[in-house]
Amino acid sequence: MFSIELGEDGNVRLNGRLDAAQCAKAEEFLGTVDGPSTLDFAQLEYISSAGLGILLKTQKRLVENGAGLKIINVNNHIHDVFRYSGFHSIFEIEAG
């Protein structure tokens with residue numbers, strides 16, 4: 001199960017598992033983001049390489065326009081995925 005929504009605080013909340021089967025939903029939502037945004041991973045349990053690809057695509061598009069993504073509340077497992085893949089140097093990340 002996966003959901004992505006805009007929270008009352010303006011942060012984009014991701015819940016569940018972002019895997020290849022859920023990438024279309026994430027890409028559709030993140031395609032509407034057009035300025036600096038914070039992604040809240042407090043309820044995200046898992047992210048696959050396909051999910052990382054969607055985040056990278058969004059980040060590249062935003063950086064071209066002088067914006068970017070900040071990722072907060074990252075659990076240890078997902079933080080390790082970002083670190084091992086080198087994505088920790090592409091995104092501003094705050095552990096949860």
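## Helices, core and selected residues

The buried residues of helix H1 pack against E1, E2, E3 and H2. In this predicted model, those buried residues are Cys 23, Ala 26 and Leu 30. Viewed down the axis of H1, they fall within an arc of 65°, so they line one face of the helix. The face turned away from that buried side carries the exposed residues Ala 24 and Glu 28.

Confidence in the model averages a pLDDT of 96 over the chain, and 100% of the residues score at least 70. The lowest confidence is in strand E5 (residues 92-95), with a mean of 91, and the highest is in E2, at 98.

Helix H2 has 16 residues and reaches 23 Å from its first C-alpha to its last, close to the 22 Å expected at 1.5 Å a residue. Its buried residues are Gly 51, Leu 52, Ile 54, Leu 55, Thr 58, Gln 59 and Leu 62. Down the axis of H2 these residues fall within an arc of 155°, so they too line one face of the helix. An α-helix has 3.6 residues a turn, so residues three or four places apart point the same way. The buried residues of H2 pack against E2, H1, E3, E4 and H3. On the face turned away from the buried side, H2 carries the exposed residues Ser 49, Lys 57, Lys 60 and Glu 64. Just after H2, Gly 66 takes a positive phi of about 80°.

The largest nonpolar core has 26 residues, of which Leu 14, Leu 39, Phe 41, Leu 55 and Phe 82 touch the most other members. Two or more residues of this core come from each of strand E1 (2-6), E2, helix H1 (23-30), E3, H2, strand E4 (69-74) and helix H3 (76-85). Leaving aside neighbours within four places in sequence, Leu 39 is in contact with Val 12, Leu 14, Leu 30, Leu 55, Leu 69, Lys 70, Ile 71 and Ile 72.

| Residue | Relative accessible area | State |
|---|---|---|
| Arg 13 | 28% | partly exposed |
| Arg 61 | 28% | partly exposed |

Arg 13 is placed in strand E2 (residues 12-18). Not counting residues up to four places away in sequence, Arg 13 touches Ser 3, Ile 4, Glu 5, Gly 7 and Asp 40. With Asp 40 there is a polar contact between the two side chains, at 3.1 Å. The C-alpha atoms of Arg 13 and Thr 38 are separated by 8.6 Å, although these residues are 25 residues apart along the chain.

Arg 61 is found in helix H2. Apart from its neighbours within four places in sequence, Arg 61 is in contact with Leu 30, Gly 31, Val 33 and Asp 34. A polar atom of the Arg 61 side chain lies 2.7 Å from the backbone oxygen of Leu 30, and Leu 30 is one of the buried residues of H1. The C-alpha atoms of Arg 61 and Asp 34, 27 residues apart along the chain, are separated by 8.7 Å.

Ser 48 lies in the loop between strand E3 (37-47) and helix H2 (49-64). Is Ser 48 buried or exposed? Ser 48 counts as buried because its relative accessibility is 10%, below the cut-off of 20%. Residues up to four places away in sequence aside, Ser 48 touches Leu 18, Asp 19 and Ala 20.

Definitions and conventions. Residues numbered from 1 in each chain as written. Heavy atoms only, no water. Helix = DSSP H or I, 4+ residues; strand = E, 2+ residues; numbered from the N terminus. Buried < 20%, exposed > 50% of the residue type's maximum accessible area, 1.4 Å probe, protein only. Contact = heavy atoms within 4.5 Å. Polar contact = N/O pair within 3.5 Å; in protein donor to acceptor, adjacent residues only side chain to side chain. pLDDT = per-residue confidence, 0-100. Core = buried A, V, L, I, M, F, W, Y, C linked by side-chain atoms within 4.5 Å. Expected span 1.5 Å × (residues − 1). Arc of directions from axis to C-beta.
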